[in-house]
Amino acid sequence: MNTGRLALVTGTSTGIGAAVARDLLERGWQVVGVARRSPQFEAPHYRHLSLDLADVPAASAGIEREFGAILAERAWERVGLVNNAAVAPAGRAREIAAPELLHALTLNAVMPVWLIGFLLKHRPAGALLRIVNLSSGAAVRAIPGMAAYCSSKAALRRAGMVAAAEDDADLAILSYGPGTVDTEMQLAARSMPVEAFPSAGMFRRFHAEGRLAAPELPAADIGSFLEADSVDRFVETSRC
């Protein structure tokens with residue numbers, strides 16, 4: 001097993017994050033997962049950090065301490081970051097409460113951007129750094145009832161472009177839209193009444209038409225990017 005590869009993956013308790021962690025472990029990576037809940041799997045090269053990324057002081061301190069120590073353990077050849085964790089509060093813009101908006105923007109944009117900076121600053125000298133920001137069509141188009149999600153995904157997309165423009169040739173960032181995937185977020189979106197969430201019908205159609213992909217499909221794409229050697233500084237792809 002090649003233990004010279006280390007990845008930090010957020011939101012590993014379920015869905016795409018759990019699938020990414022499994023995929024990377026099968027490829028021989030060391031994986032550190034971050035989520036409030038522990039994932040439903042155990043592996044000798046997986047370590048879980050039970051942190052709430054919306055709690056910025058506690059989460060940033062925990063990652064600096066725990067993941068920082070792992071980064072310093074050896075001269076890693078390749079380091080990956082997968083910014084997967086996100087929430088999508090659904091509802092019309094006029095109904096969004098300030099605390100709910102703050103929570104969404106913190107989890108979906110503030111902490112991912114901070115994590116990018118943390119990895120840029122603390123990766124071992126000479127290590128290739130590959131970053132994947134989970135994106136969405138919501139980052140580039142308006143989806144009624146998803147103001148918080150659209151704005152936070154747009155912010156992360158642009159921040160990835162900026163980081164890629166600032167740093168050196170050992171960095172590559174992928175803004176990746178996984179398409180319609182069978183996740184808890186999709187279930188929540190199609191379960192809401194249209195009166196409260198204008199786009200609920202769209203999500204119900206995705207499910208009714210069998211358009212929901214298994215999380216393992218985007219996980220394989222993400223794993224392949226993390227292992228890529230020659231790649232543009234900023235890449236944007238989507239399964240949509």
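## Strand S6 and its partners

Strand S6 is joined to strand S7 (residues 234–238) by 5 bridges, and the two run parallel; strands here are DSSP runs of E of at least two residues, helices are runs of H or I of at least four residues, both numbered from the N terminus, and two strands pair if DSSP finds at least two bridges between them. Within this pairing, Tyr 176 stands opposite Thr 237 in S7. Strand S5 (residues 128–134) also pairs with S6 in the parallel sense, over 6 bridges, and here Ile 131 stands opposite Ile 173, while Leu 129 stands opposite Leu 171. From S5 the chain crosses through H4 to S6 in a right-handed β-α-β crossover, that is, with the strands pointing away from the viewer, the path from the first strand over the helix to the second runs clockwise.

Strand S6 (residues 171–177) is mostly covered, with 7 of its 7 residues buried, where buried means under 20% relative accessible area, exposed over 50% and partly exposed in between (1.4 Å probe, protein chains only). Leu 171, Ile 173, Ser 175 and Gly 177 point one way from S6, whereas Ala 172, Leu 174 and Tyr 176 point the other way.

## The whole sheet

The open sheet consists of 7 strands in the order S3-S2-S1-S4-S5-S6-S7, with parallel pairing. Strand S3 (46–50) and S7 stand at the edges with a single partner strand each, so one side of each is left without a neighbour in the sheet. From one strand to the next the twist averages 15°.

## Arg 157 in helix H4

Arg 157 lies in helix H4 (residues 147–166), and its side chain is joined to that of Glu 236 by a polar contact of 2.4 Å (a pair of N or O atoms within 3.5 Å; within protein, one must be able to donate a hydrogen and the other to accept it, and residues adjacent in sequence count only if both atoms are side-chain atoms). Leaving aside neighbours within four places in sequence, Arg 157 is in contact (heavy atoms within 4.5 Å) with Ala 139, Val 140, Ser 175, Phe 234 and Glu 236.

## Basis of the values

Residues are numbered from 1 along each chain as its sequence is written. In this predicted model local features need pLDDT of at least 70 and side-chain atom pairs count only at pLDDT 80 or more, whereas totals for chains, interfaces and linings use all residues, and side-chain values use heavy atoms, with hydrogens and water left out.

Notes: Axes fitted to C-alpha atoms, helices over the stretch in contact; angles between N-to-C directions.
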